[in-house]
Amino acid sequence: MAVKKTSLDGNIFSAFVVRPGIKFETQAADEELVLLLRKHPVTNVMWILIFIIMLLAPFILFPYLSWAGLITDVPVRFGLVGTIAWYLITFIFAFENFISWYFNVYLLTNERILDVDFYNLLYKRVSEARLDKIQDVTYTQSGMAQNVFNYGFVYIQTAGTEENLEFESVPNPAKVVEAISKLLHK
Amino acid sequence: MFLDTPFFRLTEWILSFTVWDLVKLLMLLVITMYAVFAWVIVRQVELMGEVMDGNINPVLKLLAFLHLIAAVGLLFLALIIL
């Protein structure tokens, strides 16, 4: 097949998975999943930092508020329920961000390219372009972070009424373009 | 005579509220909404799992379900101790 496994390829948690060996919703019987892409893991750094701050906040904030004499009158039972609620919110914040990263995928098969997006809690959008409709594939890498961590945007232009696709912040964009080109010229 | 009317008793009941009674009502309302949100998350993970058959889908479903149980548990806890 067009794409070879390299040391950069990882397991199902990775953002660049060659032949992941999984099934997707609209996969045809003879259709082979060649490449699975997600946003580069470095794009998760911000929410992970916020998650850590949220985890530590009660340990820093409560002693400070207590020292400042602002929460001396708060009944313990309210503090208990509030703290549990805070950690539930902290958990769901991280969980939501993780599943958003994990399930927003770009799939490259031997027949088409799919872009699976989940915009909010219950709204999904799956765009696809058949390989024979693809006219042009380009990529961009701009800014320090994208060049240091080697990720960028891949633009797939299609013919006719089919929608153009955009892969956002995917790792190894040059390799992705190469993989698509090889599939197009098979 | 006016003192025996339901309206007066309701007014008296409302005026007897302390700050913590109001906080309690607010917390119960927010936690109830959060429990509904937790159920939506369970549904969301199910829908997402249908799109792609990932190895960790069962783990994600379990986590979402445990979170729902925790949210409902918190609601009961708040009802009991607040």
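Biologist: What counts as a cavity here?
Modeller: On a 1 Å grid over the protein atoms alone, a cavity is a set of points where a 1.4 Å probe fits but cannot get out; lining residues have an atom within 4 Å of a point. This is a predicted model: local features need pLDDT of at least 70, side-chain atom pairs count only at pLDDT 80 or more, and totals for chains, interfaces and linings use all residues. Residues are numbered from 1 along each chain as its sequence is written, chains are lettered from A and ligands numbered from 1 in written order, and side-chain values use heavy atoms, without hydrogens or water.

Biologist: Which residues line the largest cavity?
Modeller: A:Phe24, A:Glu25, A:Thr26, A:Leu107, A:Leu114, A:Val116, A:Val126 and B:Val51. Six are nonpolar, one is polar and one is charged.

Biologist: New topic. Where is A:Asn44?
Modeller: In the loop between strand S2 (33–37) and helix H1 (45–67) of chain A. Helices (H or I, at least four residues) and strands (E, at least two) are DSSP runs.

Biologist: Buried or exposed?
Modeller: A:Asn44 counts as buried (under 20% relative accessible area), because its relative accessibility is 10%.

Biologist: What does its side chain touch?
Modeller: The A:Trp47 side chain, through a polar contact of 3.0 Å.

Biologist: How many bridges join S2(A) to S3?
Modeller: Four, to residues 106–109 of chain A. A:Leu35 has A:Leu108 as its bridge partner there.

How values were computed:
1 Å grid on protein atoms, 1.4 Å probe; cavity = no way out; pocket = protein on both sides within 12 Å on 5 of 7 lines; lining within 4 Å. Nonpolar A, V, L, I, M, F, W, Y, C, P; charged D, E, K, R; others polar. Buried < 20%, exposed > 50% of the residue type's maximum accessible area, 1.4 Å probe, protein only. Polar contact = N/O pair within 3.5 Å; in protein donor to acceptor, adjacent residues only side chain to side chain. Pairing = 2+ DSSP bridges.
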